[in-house]
Amino acid sequence: MITEGGGLCYGNTGQNFWLLSKQSNGTWKILVESLGMPEFLPARGANGYPDVLVGGPGFCFPVLRWNGRTYTRHHFEYEGKPCRPPS
């Protein structure tokens with residue numbers, strides 16, 4: 001996990017992150033790049049990869065799940081409970 005912060009670059013959220021995976025050939029692959037504050041959750045996707053909540057200002061955050069090829073939005077939650085983001 002690489003994080004970078006600063007209000008001038010990342011606004012109210014103040015942080016961007018990159019989740020990397022070292023490949024068998026020694027190179028690094030970006031699995032997720034997102035504006036927000038990452039939090040690994042106990043729930044798991046394919047191959048045991050942890051779900052990632054992308055936090056920031058507000059009250060309903062996306063949760064990304066590994067499907068075996070990429071992290072995709074799985075659902076939204078706040079304080080461990082499902083929610084619907086405002087339209």
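**View 1. The hairpin of β5 and β6 in this predicted model, with Gly 58 between its strands.** Five residues lie between β5 and β6 in this hairpin, and Gly 58 takes a positive phi near 120° there. The two strands, β5 (50-55) and β6 (61-66), run antiparallel to each other and are paired over 2 bridges. Within this pairing, Val 52 has Leu 64 of β6 as its bridge partner.

**View 2. The hairpin of β6 and β7, with Gly 68 in the turn.** Strand β6 also pairs with strand β7, which spans residues 71-78, and this antiparallel pairing extends over 6 bridges. Leu 64, the residue that is the bridge partner of Val 52, stands opposite Arg 73 in β7. The turn of this hairpin has 4 residues between the strands, and Gly 68 in the turn has a positive phi of about 105°.

**View 3. The disulfide that joins Cys 60 to Cys 83.** The count for the model comes to 1 disulfide, and this link, between Cys 60 and Cys 83, has an S to S distance of 1.9 Å. The pair links distant parts of the chain, 23 residues apart, since Cys 60 sits in the loop between β5 and β6 whereas Cys 83 lies in the segment after β8 (81-82). The link of Cys 60 and Cys 83 is right-handed, with 100° about the S-S bond.

**View 4. Two cysteines, Cys 60 and Cys 9, compared by accessibility.** Cys 60 counts as buried because its relative accessibility is 16%, which is below the cut-off of 20% for a buried residue. Cys 9, by contrast, has a relative accessible area of 63% and is therefore exposed, the cut-off for that term being over 50%.

**View 5. Strand β2 between its pairing partners β1 and β3.** Strand β1, made of residues 2-5, and strand β2, made of residues 15-22, pair in the antiparallel sense over 4 bridges, and in this pairing Ile 2 stands opposite Trp 18 in β2. Strand β2 also pairs with strand β3, residues 28-35, again in the antiparallel sense, here over 7 bridges. In this second pairing Lys 22 stands opposite Trp 28 in β3.

**View 6. The hairpin of β2 and β3, with Gly 26 between the strands.** This hairpin has 5 residues between its strands, and Gly 26 takes a positive phi near 90°.

Terms used:
Residues are numbered from 1 along each chain as its sequence is written. This is a predicted model: local features need pLDDT of at least 70, side-chain atom pairs count only at pLDDT 80 or more; totals for chains, interfaces and linings use all residues. Side-chain values use heavy atoms; hydrogens and water are left out. Two strands pair if DSSP finds at least two bridges between them. A disulfide is a pair of cysteine sulfur atoms within 2.5 Å. Buried means under 20% relative accessible area, exposed over 50%, partly exposed in between (1.4 Å probe, protein chains only).
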